Amino acid sequence: MNTKVNLCGIEIDNPIIPASGTFGFGYEFAELYDINMLGTFSFKGTTLDARFGNPTPRIAEVTGGMLNAVGLQNPGVDWIISDELPKLRRVFNKPVMANVSGFSLDEYVETVRRLDTQSDIGWFEINISCPNVHGGGMSFGTSPEMAQTVTRAVRKVTKKPIIIKLSPNVTDIVSIAKACEAGGADGVSLINTLMGMRIDLKRRKPVIANKTGGFSGPAIKPVAVRMIYQVYDAVKIPIVGMGGVATAEDVIELMLAGATAVEVGAENLVNPYACRDIILDLPRAMEKYGIKSLSEIIGGAH
């Protein structure tokens, strides 16, 4: 049973990657199990300056998943370099994925430029779901032109693989994925959360202070599978798939749709051992479906 896959030129032991924002900087989970069993993980979304995030309440349960509007709370890139990464190195000895967010082009570029000096960062995952403060608040990920502009700008300041994280809150995700590829992206990751909302019947007001939040969990998996399938047909670069993944079977389904690696998000918040359990269960699922090597099934449903 061979679980190894090659993600943008870096071989990883298995395709399982905890998603950004659900795994912190890793060391909290290292108290529960050896996180070196992971393929890698995407650390907490990092911005140039420290961010307190959105007002509370930020999280709400929904049928088949959850809503969150944390608002990219993080201590800023300099603190992450000086404090978080040294702590991570004590418990994780593989290349890690740096998730970067920004509210302007310059922010993306400067954050990546600073993180690029860190030898243990293997990939950059660029989250283009943030509102562009200089573009009237429209998300970078909602237009092919803006997505390509961010990709090109970041490409100039790093030689490390760049994976652009796409927003599903668009009419045509394929055109955006193609624009990222044309801009020099080494891969794309999808899907980020869908926009959702809940209303408190007694208060007659939105449950989340931010009103809307990102909808994630098992209910969004069919959307993820569909979008990954469409993007796989349109681009030649690897896809990191995510959206509602909770089992080894879910991982195989996303890989058959076209994913090279698979991120696990909301499930980590329900079960902190989720990624460990999926990795341990992969050989059973592979045997059940006659899979000798995971890399051979990528896009196998096409």
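**Core, overall form and local backbone features**

Apart from neighbours within four places in sequence, Leu 166 is in contact (heavy atoms within 4.5 Å) with Ile 128, Ile 173, Ile 176, Ala 177, Cys 180, Val 188, Ser 189, Leu 190, Ile 191 and Asn 192. The model is a predicted one, in which local features need pLDDT of at least 70 and side-chain atom pairs count only at pLDDT 80 or more, whereas totals for chains, interfaces and linings use all residues. Residues are numbered from 1 along each chain as its sequence is written, and side-chain values use heavy atoms, with hydrogens and water left out.

Leu 166 also belongs to the largest nonpolar core, which comprises 92 residues. Such a core is a set of buried Ala, Val, Leu, Ile, Met, Phe, Trp, Tyr and Cys residues joined through side-chain atoms within 4.5 Å; buried denotes under 20% relative accessible area, exposed over 50%, and partly exposed the range in between (1.4 Å probe, protein chains only). The members that touch the most others are Leu 7, Phe 43, Ile 126, Ile 128, Leu 166 and Leu 190. Across the protein chain, 55% of the 302 residues count as buried.

Nine helices and 15 strands are present in the protein chain, assigned as DSSP runs (helices H or I, at least four residues; strands E, at least two) and numbered from the N terminus. The C-alpha trace spans about 50 × 50 × 40 Å along its principal axes. Of the contacts with a separation of 6 or more, 71% are between residues 24 or more positions apart.

Two cis peptide bonds may be described. One joins Leu 190 and Ile 191, with omega about 10°, and Ile 191 lies in the loop between β9 (187-190) and β10 (194-197). Another runs from Thr 56 to Pro 57, with omega near -5°; Pro 57 is located in the loop between α1 (27-30) and β4 (59-62).

Positive phi values in residues other than glycine are described next. Leu 72, in the loop between β5 (65-68) and α2 (77-89), has phi near 55° and counts as partly exposed because its relative accessibility is 22%. Arg 204, in the loop between β11 (199-200) and β12 (205-206), likewise has phi near 55°, but counts as exposed because its relative accessibility is 74%.
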